[in-house]
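Keep the sequence and the 3D view at hand.

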Amino acid sequence: MSQPLTDRHNRVHRSLRISIVDKCDLRCTYCMPEDQHFLKREELMTREEVTTIARLFVERYGVSKIRLTGGEPLVRPDAVDIVRDMAQLGVSLGLTTNALSLHKHLDGLNDAGLKSINISLDTFDAERFRKITRRDGFDTVHANIMLALQRGLRVKVNMVVMRGLNDDELLRFVELTRDHDIHVRFIEFMPFAGNHWGRERVYTYAEMLGHIGSVHSFEKLTDDPHSTAKAYRVPDWKGTFAVISTVTEPFCGNCDRLRITAEGKMRNCLFAREETDLLSALRRGEDIAPLIEANVLGKHAMLGGLPQFKPEKQEEVLHDLSARPMVSIGG
Ligand code: SAM
Ligand code: SF4
């Protein structure tokens with residue numbers, strides 16, 4: 001019998017994001033600071049340590065969903081092996097990737113048992129792609145999204161929408177759902193250390209729906225109770241789209257997510273400022289269960305204890321942010 005991980009606000013946590021590496025083959029401006037330093041290999045969880053920690057969450061605490069992320073998970077040489085290990089835990093398994101090297105790994109990932117993949121793409125313009133990610137790669141990423149679909153993977157495409165940078169491409173992304181069974185997710189630009197966030201750069205959920213609605217009629221779909229995304233569909237189109245409105249309409253009341261960083265630190269919120277070092281305790285041979293339970297109990301009601309992301313709170317938010325950039329948290 002598993003013992004559910006319940007926080008002091010009575011939320012039960014059944015979903016775990018595990019970052020397996022903090023390095024990345026892109027350097028997105030909204031995610032990775034210019035002067036980012038990376039962990040040394042011996043500081044990362046080994047494949048066996050990832051499995052030990054994940055198994056504890058699944059078998060003891062009833063975690064039923066695991067998503068592997070990074071940095072870029074596919075830059076880790078044993079990424080496919082870790083996917084296989086996670087698939088054997090019998091959970092609903094996902095992987096979030098920038099898809100730059102996905103073509104090299106698709107056979108392995110299929111064989112390892114991966115069924116669902118989230119791919120990040122913020123623009124259909126190759127030059128703009130270079131500006132946002134500080135690297136070339138649009139054609140490869142676009143081709144790899146199509147390849148993943150052909151191989152029968154369930155594909156979600158994540159677009160971070162930033163005012164004045166790519167908000168003019170929303171309709172192009174919605175168009176993707178006309179003929180493809182793709183789930184596009186528009187993500188409000190969120191504040192993290194070193195990512196030049198400003199409330200004025202957030203293209204809001206309300207603006208997105210207004211923009212799309214000026215051209216297409218669409219219908220609301222029923223969301224999963226723990227979903228972070230509000231889902232919609234243009235009637236008769238094959239795919240769906242959704243908005244992740246963390247900034248203007250946070251969904252913390254239903255949150256069931258926990259996170260582990262690549263160096264084995266547990267975080268109970270994307271915006272958490274407190275972390276629990278599970279890996280060092282594990283390496284000392286200690287029981288990490290009490291650490292996990294204490295970490296969950298400490299979860300704040302909303303946004304890791306940050307003030308809501310209202311324009312008048314901007315200075316406070318920027319001052320209080322965790323020192324960790326998104327690339328080393330794992331989205
Ligand atoms: N490298 C992989 C990728 O890009 O998909 C996985 C890691 S990335 C940190 C996970 C997700 O976080 C991506 O979909 C990315 O677009 C999103 N993300 C990163 N920084 C963000 C920000 N400031 N606001 C909103 N989403 C962000
Ligand atoms: Fe790398 Fe993903 Fe962050 Fe871009 S969003 S820098 S691809 S980790």
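Which residues line the second largest pocket? They are V21, K23, R41, L44, M45, T46, R47, V75, R76, P77 and D78.

Some ground rules come first. This is a predicted model, in which local features need pLDDT of at least 70, side-chain atom pairs count only at pLDDT 80 or more, and totals for chains, interfaces and linings use all residues. Residues are numbered from 1 along each chain as its sequence is written, chains are lettered from A and ligands numbered from 1 in the order in which they are written, and side-chain values use heavy atoms, with hydrogens and water left out.

**Pocket and cavity**

The second largest pocket holds about 230 Å³ of space. Its lining has five nonpolar, one polar and five charged residues. Here Ala, Val, Leu, Ile, Met, Phe, Trp, Tyr, Cys and Pro count as nonpolar, Asp, Glu, Lys and Arg as charged, and the others, Gly among them, as polar.

A search of the whole structure finds one cavity of 30 Å³ or more. The largest cavity has a volume of about 40 Å³. P191, F192, R267, L270, F271, L306, L321, S322, R324 and I329 line the largest cavity. By class, that lining has seven nonpolar, one polar and two charged residues.

Both kinds of space are found on a 1 Å grid over the protein atoms alone. A cavity is a set of points where a 1.4 Å probe fits but cannot get out. A pocket is an open set with protein on both sides within 12 Å along at least five of seven lines. Lining residues have an atom within 4 Å of a point. Points are joined across faces, edges and corners, and a volume is the space filled by probe spheres set on the points.

S322, one of the cavity-lining residues, sits in the segment after helix 10 (314-320). Helices (H or I, at least four residues) and strands (E, at least two) are DSSP runs, numbered from the N terminus. A polar atom of the S322 side chain lies 3.0 Å from the backbone nitrogen of R324. Not counting residues up to four places away in sequence, S322 touches A193, R267, A272 and R273. Touching, or contact, means heavy atoms within 4.5 Å.

**Burial at a glance**

Buried means under 20% relative accessible area, exposed over 50%, and partly exposed in between (1.4 Å probe, protein chains only).

| Residue | Relative accessible area | Class |
|---|---|---|
| L26 | 4% | buried |
| N158 | 8% | buried |
| S322 | 12% | buried |
| T228 | 15% | buried |
| R134 | 25% | partly exposed |
| N10 | 65% | exposed |

Two table entries also have a positive phi. N10 is in the loop between strand 1 (5-6) and strand 2 (12-13). Its phi is near 65°, a positive value in a residue other than glycine. R134 is in the loop between helix 4 (126-133) and helix 5 (138-150). The phi of R134 is near 60° and also positive.

**Around the ligands**

Of the 20 residues around ligand 1, Y30, G71, S120, N158 and M190 come nearest. Being around a ligand means having a heavy atom within 4 Å of it. A backbone N or O atom of G71 lies 3.0 Å from a nitrogen atom of ligand 1. The side chain of N158 places an N or O atom 3.1 Å from an oxygen atom of ligand 1. For N195, a side-chain N or O atom is 3.2 Å from a nitrogen atom of the ligand 1 molecule.

N158 belongs to strand 7 (residues 154-161). Its side chain makes a polar contact with the side chain of R185 (3.0 Å). A polar contact is a pair of N or O atoms within 3.5 Å; within protein, one must be able to donate a hydrogen and the other to accept it, and residues adjacent in sequence count only if both atoms are side-chain atoms.

L26 lies in the loop between strand 3 (15-19) and helix 1 (47-59). Among the residues that L26 touches are M32, N98 and L100.
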